[in-house]
Amino acid sequence: MSVVLVAQVHGQVGRLAELKDLLADLAAGARRDPGCDSYYVAFMDEPGECLLVSTWRSEAALRAHYRSDAYLRYRSQVGELLTRPSDVVVHHVSATVHARDPNPPDPTLLG
């Protein structure tokens, strides 16, 4: 069963450059972790708001990431850059279906 993590990060507007650097380091480290299929960081139009989406081959792979140097470094530095704690949701996915023709996304073309 794969795992999808979605996190909303609430950064201090005056310290966004530091947060961006820290998240770039975290993402680069995560992408090297065994079992990480993808790791995306996107800053939203709302100042300070960031969205992280990562996919993992298993919960064990995600838990191993939490013990990685990149994640531990992130955890030790991120607190002072946030306005409040991040909102994190982990989804356990038993099946994934990709669109064969996503333009437009036609449900009859999933497969």
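**From the hairpin outwards**

Mentor: Strands β2 (residues 36-43) and β3 run antiparallel, joined by 7 bridges. Two strands count as paired if DSSP finds at least two bridges between them. Helices (H or I, at least four residues) and strands (E, at least two) are DSSP runs, numbered from the N terminus. A word on the source: this is a predicted model, in which local features need pLDDT of at least 70 and side-chain atom pairs count only at pLDDT 80 or more, while totals for chains, interfaces and linings use all residues. Residues are numbered from 1 along each chain as its sequence is written, and side-chain values use heavy atoms, with hydrogens and water left out.

Now the hairpin. Between β2 and β3 there are 5 residues. In that turn, glycine 48 has a positive phi of about 90 degrees. Look at phenylalanine 43 in your view: its bridge partner in β3 is cysteine 50.

Next, serine 38, which lies in strand β2. Serine 38 is buried, at a relative accessible area of 15%. Buried means under 20% relative accessible area, exposed means over 50%, and partly exposed is in between (1.4 Å probe, protein chains only). The side chain of serine 38 makes a polar contact of 2.6 Å with the side chain of threonine 55. A polar contact is a pair of N or O atoms within 3.5 Å; within protein, one must be able to donate a hydrogen and the other to accept it, and residues adjacent in sequence count only if both atoms are side-chain atoms. Leave aside neighbours within four places in sequence, and serine 38 is in contact with Val53, Ser54 and Thr55. Contact means heavy atoms within 4.5 Å.

Cysteine 36 is also in strand β2. At 8% relative accessibility, cysteine 36 counts as buried. Beyond its neighbours within four places in sequence, cysteine 36 is in contact with Ala30, Arg31, Thr55, Trp56 and Arg57. Arginine 57 is 21 residues from cysteine 36 along the chain, and their C-alpha atoms are separated by 6.5 Å.

Step across β3. Strand β1 (residues 2-11) pairs with β3 (residues 49-56) over 8 bridges, in the antiparallel sense. Leucine 5 has serine 54 as its bridge partner in β3. Glutamine 8 stands opposite leucine 51 in β3.

β1 leads on to a helix. The buried residues of α3 pack against β1, α1 (16-32), α2 (59-65) and β4 (82-93). In α3 (residues 69-78), these buried residues are Ala70, Tyr71, Tyr74 and Val78. They are on the same side of α3, because they cover an arc of only 95 degrees around the axis. The arc is that of the directions from the helix axis to the C-beta atoms. Asp69 and Ser76, on the other side of α3, are exposed.

Serine 68 lies in the loop between α2 and α3. Serine 68 is buried, with a relative accessible area of 12%. A polar atom of its side chain lies 3.2 Å from the backbone nitrogen of tyrosine 71. Tyrosine 71 itself, at 17% relative accessibility, counts as buried. The rings of tyrosine 71 and tyrosine 74 have centres 6.0 Å apart and planes at 40 degrees, so the pair is tilted. Rings of Phe, Tyr and Trp (its six-membered ring) pair if their centres lie within 6.5 Å; planes under 30 degrees apart count as stacked, over 60 as edge-to-face and the rest as tilted. Ring pairs link Tyr66, Tyr71 and Tyr74 into a cluster.
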